[in-house]
Every structure is written in C-alpha cells, then in structure tokens.
Amino acid sequence: MPDIGKALWRMFAVLALLLAACGPAAEATPTVAPKAPTATRPPPSATETPAAARATSTPPSSSGAATSPATPTPQPTPTQAPIGAKPKHGGTLKSYFRSDPTTWEWAMPGGEIPLRDIMGNVFTPLARFKWPEQGSCDFPLEPVGAQGWEWLDDTHLDLTIRKGMKFHNKPPVNGREATADDVVFSLKRLGEWTTVLQPIYDVITDISARDRYTVRMSLSKPQPGMPLLLFGHTRGNVIPAPESAGPEGGWAQPAVSWIGTGPQMFDKWTPGVKAIVKRNPDYFEPGLPYIDGIEFLIVPDMSTQLASLRSGRLDILFELPVPMIDAVEKAGLQVRQCPKYNGFMSMWLRTDKKPFDDVRVRRAMSMAIDRDALVQRVLQGRGEKVGVLPPHHPYAIRYEDYPPEVRKYMEYNPAESKRLLAEAGVPPGLDVNICVGAGYANPQPETNEAIAAMLQAVGFKVKLDWKDRNPFRATCMQREFDQLYHHLAIQDPPWQYFPYFHSTTTTYNRSRLNDPELDRWIDQFTTTTDPKKAEEAARNFQLRMVDQAYVIYHVNSVEPVAFHSWVKNFGSYVSYSTGRSAIWTRIWLDR
C-alpha cells in the first residue's frame with residue numbers, strides 16, 4: 001500500500017479511538033436481510049416508473065468523499081424516533097460541502113453534490129426519489145412538481161404540472177404561481193447545456209406549453225424511458241423562475257437568482273465558509289418542512305468532517321468511509337447504509353488502442369480481479385459482486401444469474417488470465433496506466449490499489465495515475481485518458497446508460513466502442529414499446545458487455561450516512577439526482 005494509504009488507515013485508527021472516547025457504545029441494532037430483486041422487469045407505464053502488491057504511484061491526496069457494493073448486503077436500521085413520535089418544527093440542520101460549487105448554473109452537467117443538495121431544497125423537482133419507508137432501501141420515483149404524465153402515442157408525451165406551486169416571495173418573482181412555461185424554459189435550457197443527456201435530446205423535436213399546466217414533448221422516434229430520463233434527472237427535473245436569472249441569463253448570484261418553489265429559500269452564500277437556506281413559509285406541502293433551515297458548511301477533508309460530527313458542529317455526515325462505520329456506531333452515533341443506488345466502481349478500457357482492442361486481453365484483465373477479496377477485504381463484507389447493472393435496476397441480471405459461459409469472464413482465474421495474455425502476445429511487465437481520482441473517501445483509494453495489485457500479479461506493470469478531483473473530472477471522466485480509467489461509474493437508468501456505448505455517442509463512450517451488435521441491442525431497447533423486446537434487448541446488451549469485457553465490472557459497496565440521535569425521521573438515503581430532496585423536507589430535530 002502506498003504511504004498515503006497507510007496514512008489514511010492511521011488516521012482512521014486515531015479517529016476511531018477519539019470517537020469511541022466521546023460517548024458510550026451504542027447497542028448493536030439488528031439489520032434486515034435484503035429482499036432479492038427480480039432479474040428483469042418491464043418498462044414503466046405512463047404513470048409508473050421503475051423503481052496485495054504495492055502500486056507504483058502515490059496519490060496526492062485521498063481525503064474527501066464519495067464511496068462507491070458477497071451477500072448479505074446491509075439494510076438500514078429503523079429510525080430512532082419512537083412510533084407515534086410527533087415531529088417538531090424549528091431548528092437549523094448543520095450539514096456540509098467539501099468545497100464551493102464550481103458553478104451556480106443549475107443546468108450545467110457534472111452533478112456536483114453541492115448543487116444537487118441546494119437544488120433539492122430551493123427548487124421543486126418534477127419527480128424525485130420518494131422518502132423511503134423506515135428500514136427500506138427502495139427508492140421509487142414519485143411525481144412532485146409534476147402531477148403526472150401520459151403518452152398520447154409513441155412519440156408525444158404530455159406532462160401535467162401541479163397547480164398551486166408558488167415561487168418564493170422574493171423579487172422579481174414575488175410569489176407568482178409556477179406554470180408550464182417555466183417547465184418549458186427549464187427543459188430547453190437543459191438541452192442547451194447538457195452533454196450527459198445528448199442521446200435523449202437528439203430525439204426531441206419540440207417542447208411547448210399546451211395550456212397553463214400542460215407541457216407537450218414531441219419526439220422523432222419512440223423513447224419509452226423519457227419520463228424517467230428527464231423528469232427524474234439530476235438537472236432536468238427542477239423548476240427555476242426564468243426572470244430571476246442575471247442580466248446575461250446566468251445564475252451566478254444564487255442569493256438573488258436561485259428562486260424556486262422548493263421547501264427552502266436561498267438566503268446567503270459566503271465563499272469558502274458556508275451556504276444557508278431558510279424555510280419557505282409558502283411551501284405547497286402542508287406542514288413541511290419541519291426545520292427552519294440548513295447551513296451547509298465548507299469542510300474540505302474527511303478528518304475534519306469526522307471531528308466536526310463528533311463535536312456536534314455537524315449534525316450529519318454523508319459519504320462516511322466504509323472502514324469508519326463500526327467506530328462511528330460504537331461512539332453512539334446513528335448510521336444508515338443502503339447499497340449504492342446509482343453506480344459502482346468499474347474499469348473502462350480504450351478498445352481503440354492496442355493491446356485493449358484484443359478481447360483476450362480484456363477478458364484476462366477481468367479474470368485477474370478477485371471480486372470476493374474486494375468484497376471481504378476492501379469493503380469489509382459490506383458489498384456484493386455485480387454485473388453491468390446494479391441488482392435493483394430495471395432489467396438487471398444479477399451476478400449469479402449470468403450464464404456460466406459468460407460469468408466465467410468475471411470469475412477470478414489468474415492462471416487462465418496469464419494463458420490468455422500469453423496467447424495474445426502480451427509481454428510480461430507491459431506498462432499499464434490507470435487514471436484514478438484523488439480526494440475520494442475509502443473504499444475508492446483502497447479499491448484502486450487492490451485492483452492495481454491484482455493486475456500486477458498476472459504480469460502487468462501498473463501505474464496509478466492519481467489526479468486531483470477537478471482535473472480528474474475534466475479529463476478522465478470526460479474520456480480523456482490514455483489506457484484505462486477506474487472510478488465510480490454512474491449507472492444511470494438503462495434508457496440513458498445503454499446509449500453511452502453506442503458507436504455514434506461521442507461524449508460518454510469512454511471505451512470508444514464500435515460494435516454493430518451492441519448498437520443493435522441499444523437501438524432496440526431505447527425505441528421499442530414492446531416489453532418483451534425491451535427485455536430481450538436489455539439482456540443481450542448486458543451479456544455482450546460482459547462477454548467482450550468492454551468494461552470490467554466488479555463490486556458495489558454500501559453508501560453509509562452518520563448522524564446524531566437528535567436528527568429524526570431520516571429514513572434512508574440515495575445520492576443520485578436530487579435524491580436528498582425528500583429527506584431534507586421531512587427531517588426534524590429534537591436537541
């Protein structure tokens with residue numbers, strides 16, 4: 001393990017002692033066994049949406065944040081509020097960001113957590129992940145700003161806007177009602193800025209207001225996943241007030257320009273210090289939100305975040321490192337953990353470059369990965385082996401359900417890996433460069449190092465090319481890498497994720513695939529309205545991806561959140577999209 005990895009583990013050990021000393025140990029709370037999801041599911045209807053050797057390089061930093069999940073997978077423990085407890089109004093929740101947002105343009109692609117959290121408070125999503133039942137890790141999509149949607153035919157979709165949603169009572173909007181025109185503005189602006197939704201917007205021919213509360217979308221061809229893709233997306237699901245934009249049409253001054261219909265109003269932003277939102281007294285959901293506001297403090301590094309949680313300076317800590325779960329619970333803090341909803345770590349290969357254009361090399365690399373060891377040693381048993389899609393996703397094939405003739409390429413077999421490499425003419429000691437991101441919390445750094453060690457064991461000479469967070473996002477995440485890219489791969493809904501691998505996609509086709517068979521299954525899946533054809537295409541897409549080892553999928557971890565006992569009604573958590581929106585609205589404090 002590089003020195004930075006050792007330093008991290010020393011830091012975790014010290015923090016564990018500090019946390020254990022700060023309060024009495026909490027009694028262990030039994031977890032609920034996971035419910036096995038079905039392997040496939042038909043597409044949503046108009047009103048339903050689907051629910052160790054040492055590496056040769058040292059990262060500049062591994063403090064900071066998001067984690068990326070064998071069985072059983074931990075489920076959240078019940079919330080600590082007694083049954084029948086009456087929620088209390090009042091109080092300010094103390095949360096945090098790692099850094100200031102790099103932009104206040106809400107339509108900008110990239111999905112920064114600071115923007116997501118404030119968007120989920122200030123703006124009303126058209127749809128969002130429903131506040132979960134206690135002890136549940138299910139996050140179905142529910143209409144919020146939208147009252148519902150209906151397909152008129154295969155290429156025309158009507159979206160009905162909720163009546164009575166008022167914008168915040170701030171100039172120049174002054175509390176007027178939100179209408180279809182505001183949603184049209186939002187969706188069109190997203191189309192001007194987006195890259196991640198490029199394949200979706202390519203088939204939209206028109207977005208217009210039919211009346212005060214109805215938006216119609218016209219498509220050039222069927223796109224049955226459109227409601228989930230747009231209305232539940234990180235950017236496209238919010239309703240800002242168009243007239244609140246600055247003189248050049250921007251949102252650079254959020255205290256003035258970020259005006260929505262959400263449960264909180266943007267109050268103040270002090271760069272490098274904090275952002276503050278305060279309760280919207282005119283929010284359309286009666287009695288909500290419970291809290292008077294949220295302060296998002298800028299707390300860059302993980303050690304300070306943990307110390308701030310321990311001292312009570314923070315009420316809640318998202319992105320808790322997996323190695324810290326036991327220590328935090330022993331300190332008397334609450335922890336919720338669900339399988340990571342929207343992605344897991346995987347490795348993308350440049351298939352347009354030798355030797356990665358040879359399927360034998362790609363399969364050999366996949367078979368060099370000991371997925372069981374990753375789950376048990378790196379994730380400490382809090383995870384599972386995965387295939388192309390997370391098990392809870394629509395149409396997902398669970399790891400154990402892949403046919404043996406395909407699953408063998410995801411099974412640990414170093415002897416066969418070495419044989420394939422020799423057959424492909426790969427010399428021992430071939431230099432391999434893997435682009436990885438620094439500044440992410442464990443298990444990401446530890447997983448990077450473990451993957452490097454496993455590849456070295458079959459004969460590669462591996463260098464981990466650590467890049468700081470922003471350069472990493474601007475290069476490797478935008479497919480600018482030399483050979484391999486290993487990171488938390490966002491598993492968007494299949495109607496969005498599958499087209500990333502189409503030969504005509506330029507931005508997110510990181511492996512530079514040009515496979516006519518894969519294209520055929522992607523085209524069939526994204527356009528058919530026949531559930532059986534969609535199921536056939538989704539299954540064959542996943543089998544082709546694993547058989548050809550275009551991307552090396554391996555494990556998924558839990559997504560732990562820690563908080564104090566006075567934070568009530570937390571439920572569970574999903575980071576994707578404006579996934580915290582329902583949580584922020586329903587949390588209450590009992591200090």
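**Figure 1. Overview of the predicted chain.** The chain exposes about 21600 Å², of which carbon and sulfur atoms supply 51% (Shrake-Rupley method, 1.4 Å probe; for residues, only the protein chains shown count as cover). This is a predicted model, in which local features need pLDDT of at least 70 and side-chain atom pairs count only at pLDDT 80 or more, whereas totals for chains, interfaces and linings use all residues. Residues are numbered from 1 along each chain as its sequence is written, and side-chain values use heavy atoms, with hydrogens and water left out. The chain holds 18 helices and 20 strands (DSSP runs numbered from the N terminus: helices are H or I, at least four residues; strands are E, at least two). Of its 591 residues, 62% are buried (under 20% relative accessible area, with exposed over 50% and partly exposed in between; 1.4 Å probe, protein chains only).

**Figure 2. The largest nonpolar core and the contacts of Phe 501.** A nonpolar core is a set of buried Ala, Val, Leu, Ile, Met, Phe, Trp, Tyr and Cys residues joined through side-chain atoms within 4.5 Å. The largest has 79 residues, and Met 226, Leu 230, Val 388, Tyr 497, Phe 501, Phe 541 and Met 545 touch the most other members. Helix 17 (residues 531-548) gives the most to this core, with seven residues. A second, separate core of 49 residues includes Leu 93, Val 299, Leu 306 and Val 561. Beyond its neighbours within four places in sequence, Phe 501 is in contact with residues including Trp 348, Leu 513, Phe 541, Met 545, Val 551 and Tyr 553 (contact: heavy atoms within 4.5 Å).

**Figure 3. The second largest cavity.** Its volume is about 40 Å³ (the space filled by probe spheres set on grid points, which are joined across faces, edges and corners). A cavity is a set of points on a 1 Å grid over the protein atoms alone where a 1.4 Å probe fits but cannot get out, and lining residues have an atom within 4 Å of a point. Ser 366, Arg 371, Tyr 409, Met 410, Val 546, Ala 549, Val 551, Ile 552 and Tyr 553 form the lining. Strand 18 gives the most to it, with three residues.

**Figure 4. Glu 559 in strand 18.** Glu 559 belongs to strand 18 (residues 551-563) and is buried, with a relative accessible area of 5%. Its C-alpha atom is separated by 5.6 Å from that of Cys 338, 221 residues apart along the chain.

**Figure 5. Ser 218 in strand 7.** Strand 7 (residues 214-219) contains Ser 218, which counts as buried at 12% relative accessibility.

Methods
On a 1 Å grid over the protein atoms alone, a cavity is a set of points where a 1.4 Å probe fits but cannot get out, and a pocket is an open set with protein on both sides within 12 Å along at least five of seven lines; lining residues have an atom within 4 Å of a point.
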